[in-house]
Amino acid sequence: MSESGSRERAPRRESGWGRATEALQNPQFRRVFVGNMAFFLAMGGQSIVRPWIAYKLTDQAFALGITAAAMAVPMFFLSPIGGALADRVERRRLIVLAQSMALLSEGVVFGLLVSGRLEFWHLVAAAASLGCCFPLVMPARSAIVANLVDRKTLGSAMGLNMTGVNVTRVLGPAAAGYLISVIGVEGAYLVNVSLYVVAIGAMLTVRKLPPMGKDLPSLHKHMVEGFRYLLDDRLVGILLLFGLVPQFLAMPFQNILPAFTEKVWAV
């Protein structure tokens, strides 16, 4: 066989970009990816819009900390439960239900905002309800990816998923700040609410996925096993620590940005 013939038969190696994005060839994953982008864009946008409204209503930086805590406390306690539930119920339904609860909460706040009847405690209550919804969405959104793609494209899918989330963490707040200056806080709030609708619509087009099975331990035992695994696996513990440190350092600063804009930067 000639050397030229051997070269012609050699399989073409896929480019690095092709390997990184090959999960997008799966229509089910594309729908989840679009839903994730819309959901986290809205979540990032609300991380600016909600504190901005709270500061305008109270003119107190302390109010920004209260709204952040109202969301963070239920997220802290319910996150382990959300992970265990993601193994016990149909994941698509769990995501749609939790996102619908978030949409309802945000819709009520938007209605009060445009009608001029919004009070600070409304924001605190909405933040607390969202803090109860997000722990149900986050684990299920990560777990559902493994159900929709094969092992070969799992790395691509997870990489795309996390890249999309990190991009929205930058674009969401930046876009919300720009929209507040262009179309007002009501318009920016409406855009974020609309993105929640897009996220739910995209998830409704994903096929239903059966739960893992009936041979799972009790909810309490399942959560204990998760904590034990975290303590036993040093690498996982380190990765979790590195994931938490930016949250502790960056999120409080982001929450008090509305106060900085007026009190420090005068813009």
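This is a predicted model: local features need pLDDT of at least 70, side-chain atom pairs count only at pLDDT 80 or more; totals for chains, interfaces and linings use all residues.

Q: What do I find at the start of α5, and what just after α5?
A: At the start, a side-chain oxygen of Glu90 reaches to within 3.1 Å of the backbone nitrogen of Arg92. Just after α5, look at Gly116, which takes a positive phi of about 75°.

Q: How should I think about side chains along a helix?
A: An α-helix has 3.6 residues a turn, so residues three or four places apart point the same way. With that in mind, turn to the contact of α5 with α6: its residues divide into 16 nonpolar, five polar and four charged.

Q: At what angle do the axes of α5 and α6 cross?
A: Roughly 155°, and the axes come within 8 Å. Angles over 145 degrees count as roughly antiparallel, so α5 is roughly antiparallel to α6. The crossing in which α5 passes α6 is left-handed. Helix α6 itself covers residues 120–148.

Q: And how does α6 meet α7?
A: Their axes also come within 8 Å, with a crossing at roughly 140°; α7 covers residues 151–204. That angle makes α6 oblique to α7. Is the crossing left-handed or right-handed? Here α6 passes α7 in a right-handed crossing.

Q: How do I read a pair of aromatic rings?
A: A pair of aromatic rings is described by the distance of the centres and the angle of the planes. In the whole structure, a search finds seven aromatic pairs. Take Phe39 and Phe134: their ring centres are 5.6 Å apart and their planes stand at 85°, so the pair is edge-to-face.

Q: Which parts of the chain does that pair link?
A: Distant ones: Phe39 sits in helix α3 (residues 27–58) and Phe134 in helix α6, 95 residues apart.

Q: Let's step back. How many helices and strands does the chain have?
A: Ten helices and zero strands. As for overall dimensions, the C-alpha atoms fill a box of roughly 80 × 50 × 35 Å, taken along the principal axes.

Key
Residues are numbered from 1 along each chain as its sequence is written. Side-chain values use heavy atoms; hydrogens and water are left out. A polar contact is a pair of N or O atoms within 3.5 Å; within protein, one must be able to donate a hydrogen and the other to accept it, and residues adjacent in sequence count only if both atoms are side-chain atoms. Helices (H or I, at least four residues) and strands (E, at least two) are DSSP runs, numbered from the N terminus. Axes are lines fitted to C-alpha atoms, for helices over the stretch in contact, and angles run from 0 to 180 degrees between N-to-C directions. Angles under 35 degrees count as roughly parallel, over 145 as roughly antiparallel, 65 to 115 as roughly perpendicular and the rest as oblique. A crossing is left-handed if the near helix is turned anticlockwise from the far one by less than a right angle, and right-handed if clockwise. Ala, Val, Leu, Ile, Met, Phe, Trp, Tyr, Cys and Pro count as nonpolar, Asp, Glu, Lys and Arg as charged, and the others, Gly among them, as polar. Rings of Phe, Tyr and Trp (its six-membered ring) pair if their centres lie within 6.5 Å; planes under 30 degrees apart count as stacked, over 60 as edge-to-face and the rest as tilted.
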